[in-house]
Amino acid sequence: MAHTAGELAQYLGAKLFGDAQAEIVGVANPESAGARDVIYVDSSRHVDRAVTSAALCVIVPAGTIVPEKALIEAENPKLAFAKAAAWLMPRPLFRPEIHSTAIVAASARLAPNIRVGPYVVIEDEVEVKSGAIVDAFCFLGRGAHVGEDCWLHPRVTLYPGARLNDRVEIHSGAVIGGDGFGYVSDAARHIKFPQIGRVEIGDDVEIGCNSAIDRGSLGQTRIGPGVKIDNLVQVGHNAQIGERSILVAQVGISGSATIGAGVMLGGQAGLGEHCTLEDGAIVGGQAGVLPGKVVHRGQVVWGTPCRPLESFREQFAALSRLSKLVKRVAALEKLACEGQGREDVSR
Amino acid sequence: MAHTAGELAQYLGAKLFGDAQAEIVGVANPESAGARDVIYVDSSRHVDRAVTSAALCVIVPAGTIVPEKALIEAENPKLAFAKAAAWLMPRPLFRPEIHSTAIVAASARLAPNIRVGPYVVIEDEVEVKSGAIVDAFCFLGRGAHVGEDCWLHPRVTLYPGARLNDRVEIHSGAVIGGDGFGYVSDAARHIKFPQIGRVEIGDDVEIGCNSAIDRGSLGQTRIGPGVKIDNLVQVGHNAQIGERSILVAQVGISGSATIGAGVMLGGQAGLGEHCTLEDGAIVGGQAGVLPGKVVHRGQVVWGTPCRPLESFREQFAALSRLSKLVKRVAALEKLACEGQGREDVSR
Amino acid sequence: MAHTAGELAQYLGAKLFGDAQAEIVGVANPESAGARDVIYVDSSRHVDRAVTSAALCVIVPAGTIVPEKALIEAENPKLAFAKAAAWLMPRPLFRPEIHSTAIVAASARLAPNIRVGPYVVIEDEVEVKSGAIVDAFCFLGRGAHVGEDCWLHPRVTLYPGARLNDRVEIHSGAVIGGDGFGYVSDAARHIKFPQIGRVEIGDDVEIGCNSAIDRGSLGQTRIGPGVKIDNLVQVGHNAQIGERSILVAQVGISGSATIGAGVMLGGQAGLGEHCTLEDGAIVGGQAGVLPGKVVHRGQVVWGTPCRPLESFREQFAALSRLSKLVKRVAALEKLACEGQGREDVSR
């Protein structure tokens, strides 16, 4: 459906310069945009890209001028652009449907206005709430719960009892609620520690393709509201992840790790068992947090084992000058030997 | 089915103090337990959790007293608890069934008492033995073998010819027997080296969600009995993994790596091609073993490239004092210059 | 179908010594070969393996003699062997079929000679071209394109609009075209940046099990022709990967990374956003390329953050001698104190 630049400015609470009637239907980058796409520029350095774009409506930082375009000023143009995209292109309306090939247990409770795709399997006592989309090949194990407006892309597995709160989006191949990895060993073999706990995914969480979130062993694995998880991420049993934390691709979180709110984990970072990351902590890509370690509020850590970023930088710089240091020490030794009439001062 | 504390003590060969008739039906952690759940405490420090628990039966270290509970003494309470869990809550009995939507080739040989879930595909000459569970959306390629009492959770792929011995449990999304990653390059392109070998998974192996175990190129990939593999683990072609080894999440094992028995690989560890890990070796989380490297029996290694843990610790400690060392050298140089009447001693 | 050693030598343009009529049907390693399998030896050190093999035809380096065998001389025996394998064992011919359980949208355009397996879902406006195989449980989202002679193993997901050019092979569990991981945050929450771009996979690409290739946010993710991607690899939105590059298992590539032609990424390597790897660059296993970093043409880098291999080696060697250096400095300080009549020279 078409809107106008003026309506968008109003929605964003932003000032508009130029043609308020410019029609807009979507968003794009400057190069691929058509006349009715909204584009944005982050800084005046990129104004050229907007000038040559076919788009007629541009979100810009205050004071930026792009000739012949409708301009919407925003403090944070990228943020305004993301909001514009969500406003112009909401999740498409769907026709409620339980596909004829879906296998739904009689005891499952399905809200009337949901979409269940082909070849979905829904076991006993599952609940799927209003507005949810469950795409092809999803498996919802006994007693699983899918909250309002959730979206499960094709081929998502919920183990029995897995609980998704509202507006959770899970991408293809992800597995929620698998058995945790815990064994107790005697001389002969590894005996599985019971993996019978729960997993709860908070409101507005997004989970990427082929990620795996294990359920608790006895207690609960909990992903807080607003957490965003990229592809191929591993979250172990009993982990607790606070609201709005961000886990970039291939992060691995061991069992019983506790992560506060607004924590940021770079790609491929790894967290040992029972570590604690306080609110706002930032862990660099590929960094490793030792088991039991505490990363304090707002601290930025790097490396394996992780240390404060400034220490890491200092050490890294010193390391890169280390062979020079070796030469300097050798020169001092030579000097000392000469002073002492000795051959070797270091022994 | 309910048992009693006395029966459990007898099963464990352990001493019981208190009410032998206390009824027990499951296990739990102290906080969530009901009266009929068994709990455990590892040390006297956690007795408080047991005291306030609703559970009436507690597995404890010898000499530990929790008032008003039936106490079962164990040398290793966590181990006894795991055994209790397996005894109280065995894999549920199932009604043998081939779901009507399963597509089974005429030449497949299925034992009578198995469960095959909805939308399973079983190709020619597959064999599934007694007691096996094959959940929804599993794909068993031509000639695959599923041993007795195996459990394939929903959405497991066995490539043609993959062989699972008995009591193998494979979690959702795992792929067994995919093509190895091997190419021979000429000037123009990468030509695939034939990936036509086999893969064999030993008795009592467990493999986590979304893991991938490639088949051999010409020979065989072999996972020994009792090996436990976590989620998102990669095992390359022709790798050999000895019995009871443990691979934590996101470990990556390159082609032709040889791993002995009882080896422990921490999360995200990576092994290069043709490396050898002798029995009982321990590789720290995120450590990297270079191609061709040998880690000796029982050795503990860390870092990338990996080195003995004591060396890693020593180097890490020295590194964290490196900038102090730089200052000490500068001080010596200054002193030497003064002694020599020179400006700069390091050149 | 049986060929002869003579025909193979002719196909390879290679010299044959011995029985040109020796019948050959496949390839194997020396230990498991039958009489009609072709084997190869890389060097004279492995001649023994060929001597004791049942195989009658051996590809050898020039001048190598294995008694009583038909010998095919090759400059690169492993390459010749790979070519022989492809020639002797081409992808099996298949009977074109759309399985009766496949759900195909009316607007999908399927070439006549393709194979679509059981329980495949093909949405509106999908195109599948001649010779393609789409195995069980594959999901082809609206508008996806599958080129000639592609092979999608069981349980591959193509998100809407994903485009595979010709002869692309995708292994079980891989997901092509998932949403990129991009958010813009205001005080309260993470707002999803639009992930509406495209993904294009070039000719002759192979993608391993459970890998994930995200589509562009606004632009396009592009995997060049001939690229080979191992299992469990992550490729972020808008990444550009040049032709014939190789990504070993568990590599992670952040958004907007640009990778040239013939680049080699070792297992578990990680690339930050907006980094650039020029043609022929080599990144060691587990190495980490910082966001925005440029790795120049043909450079070999190691470590996190990555540096040239020679620097890494030098630093690593110096690090392993660091505790000795500390002792040498202490000895110098002692000497200097003695010379100065002071207790401590470092302060």
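**View 1. Polar contacts between chain B and chain A in the predicted model.** Between chain B and chain A, 28 residue pairs are in polar contact, with both residues at pLDDT 80 or more. On the side of chain B that touches chain A, the elements giving two or more residues are α3 (77–88), β28 (228–229), β31 (246–247), α4 (309–320) and α5 (322–340) of chain B. Of these, α5(B) gives the most, with ten residues. By residue class, this side of chain B divides into 32 nonpolar, 17 polar and ten charged residues.

**View 2. Salt bridge between B:Glu333 and A:Arg328.** The side chains of B:Glu333 and A:Arg328 meet with an N to O distance of 2.8 Å. Four salt bridges are found across the interface of chain B and chain A.

**View 3. Buried area between chain B and chain A.** The two chains bury about 4600 Å² between them, and 68% of this area lies on carbon and sulfur atoms. In chain B, the residues that lose the most area to chain A are B:Tyr119, B:Phe137 and B:Arg155, which together account for 13% of what that side buries. In terms of contacts, 59 residues of chain B touch 64 residues of chain A.

**View 4. Parallel open sheet of chain A.** Ten strands of chain A are arranged in the order β9-β12-β15-β18-β21-β26-β29-β32-β35-β38. At the edges are β9 (103–104) and β38 (288–289) of chain A, each pairing on one side only.

**View 5. Pairing of β32 and β35 in chain A.** Strand β32 (residues 252–253) runs parallel to strand β35 (residues 270–271), and two bridges join them. A:Ile253 stands opposite A:Leu271 in β35(A).

Key:
Residues are numbered from 1 along each chain as its sequence is written. Chains are lettered from A and ligands numbered from 1 in the order in which they are written. This is a predicted model: local features need pLDDT of at least 70, side-chain atom pairs count only at pLDDT 80 or more; totals for chains, interfaces and linings use all residues. Side-chain values use heavy atoms; hydrogens and water are left out. Contact means heavy atoms within 4.5 Å. Buried area is the accessible area (1.4 Å probe) that two parts lose on being put together, summed over both. A polar contact is a pair of N or O atoms within 3.5 Å; within protein, one must be able to donate a hydrogen and the other to accept it, and residues adjacent in sequence count only if both atoms are side-chain atoms. Helices (H or I, at least four residues) and strands (E, at least two) are DSSP runs, numbered from the N terminus. Ala, Val, Leu, Ile, Met, Phe, Trp, Tyr, Cys and Pro count as nonpolar, Asp, Glu, Lys and Arg as charged, and the others, Gly among them, as polar. Two strands pair if DSSP finds at least two bridges between them.
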